[in-house]
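Here is a short briefing on one protein chain. Look over the sequence and the structure, then read on.

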Amino acid sequence: WKFKLRPSEEIQFRRLLQLSDQALLQCTSTSPRAEAPHFAQDMRETFRTLLQHPDSDALFPNGDLVFRWNGHEWEQVIERTKAEAPVLQSLVPDTIQSEAESRETRAA
């Protein structure tokens, strides 16, 4: 699914990067007492990655990667190129695809 950071999201991510580890943990975790010690570091890396690649085409220049949980680990199912996008869309359940299309329409 396509995404593009809005200016307000970029501002929010930059503000979150300025917080202390404890404040970042409290602001971004649903269960702060259960998080691993590297939670804040991982969140900062995620925010930096999204700021450096503010849309899906920048983050995945060769197309999306699709993974599934095999019960023990994540495994890559399919790597799609931009030309193969319609093939991947046919694999997505209609309800999920409809929700994504609805979000895209509202964003446009």
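R44 touches L17, L19, S20, D21 and L24, leaving aside residues up to four places away in sequence; contact means heavy atoms within 4.5 Å. R44 sits in helix α3. Helices (H or I, at least four residues) and strands (E, at least two) are DSSP runs, numbered from the N terminus. R44 counts as buried because its relative accessibility is 11%. Buried means under 20% relative accessible area, exposed over 50%, and partly exposed in between, with a 1.4 Å probe and protein chains only.

This is a predicted model, in which local features need pLDDT of at least 70 and side-chain atom pairs count only at pLDDT 80 or more, while totals for chains, interfaces and linings use all residues. Residues are numbered from 1 along each chain as its sequence is written, and side-chain values use heavy atoms, with hydrogens and water left out.

**Overall make-up**

- The protein has 6 helices and 2 strands.
- From the N terminus on, the order of elements is α-α-α-α-β-β-α-α.
- The protein has 108 residues, and 20% of them count as buried.
- Among contacts in the protein with a separation of 6 or more, 38% are between residues 24 or more positions apart.

- Helix α1 spans residues 7–17, and its buried residues are F13, L16 and L17.
- The buried residues of α1 pack against α2 (21–28) and α3 (39–52).
- The face of α1 turned away from its buried side carries the exposed residues P7, S8 and R15.

**How α1 meets α3**

- Two packed helices are described by the angle between their axes and the distance between the axes.
- The axes of α1 and α3 come within 10 Å and cross at roughly 145°. Axes are lines fitted to C-alpha atoms, for helices over the stretch in contact, and angles run from 0 to 180 degrees between N-to-C directions.
- The crossing of α1 and α3 is left-handed. That term applies if the near helix is turned anticlockwise from the far one by less than a right angle; clockwise makes it right-handed.
- On the α1 side, the contact is made by E10, F13, R14, L16 and L17. On the α3 side, R44, F47, R48, L50 and L51 take part.
- The residues of this contact divide into 6 nonpolar, no polar and 4 charged. Ala, Val, Leu, Ile, Met, Phe, Trp, Tyr, Cys and Pro count as nonpolar, Asp, Glu, Lys and Arg as charged, and the others, Gly among them, as polar.

**The largest nonpolar core**

- A nonpolar core is a set of buried Ala, Val, Leu, Ile, Met, Phe, Trp, Tyr and Cys residues joined through side-chain atoms within 4.5 Å.
- The largest one holds 12 residues: L5, F13, L16, L17, L24, L25, F39, A40, M43, F47, L50 and L51.
- Helices α1, α2 and α3 are the elements that give two or more residues to this core.
- The largest share, 6 residues, comes from α3.
- M43 touches L24 and T28, not counting residues up to four places away in sequence.

- L51 is in helix α3. L51 counts as buried, because its relative accessibility is 16%.
- Leaving aside residues up to four places away in sequence, L51 touches L5, E10, F13, R14 and L17.
- L51 and I11 are 40 residues apart in sequence and 9.7 Å apart in space, C-alpha to C-alpha.
- T46 also lies in helix α3. T46 is partly exposed, with a relative accessible area of 39%.
- Between T46 and F13 there are 9.5 Å in space, C-alpha to C-alpha, and the two are 33 residues apart in sequence.

**A residue in strand β2**

- E75 lies in strand β2, residues 74–79.
- E75 counts as partly exposed, because its relative accessibility is 26%.
- E75 touches V66, F67, R68 and N70, not counting residues up to four places away in sequence.
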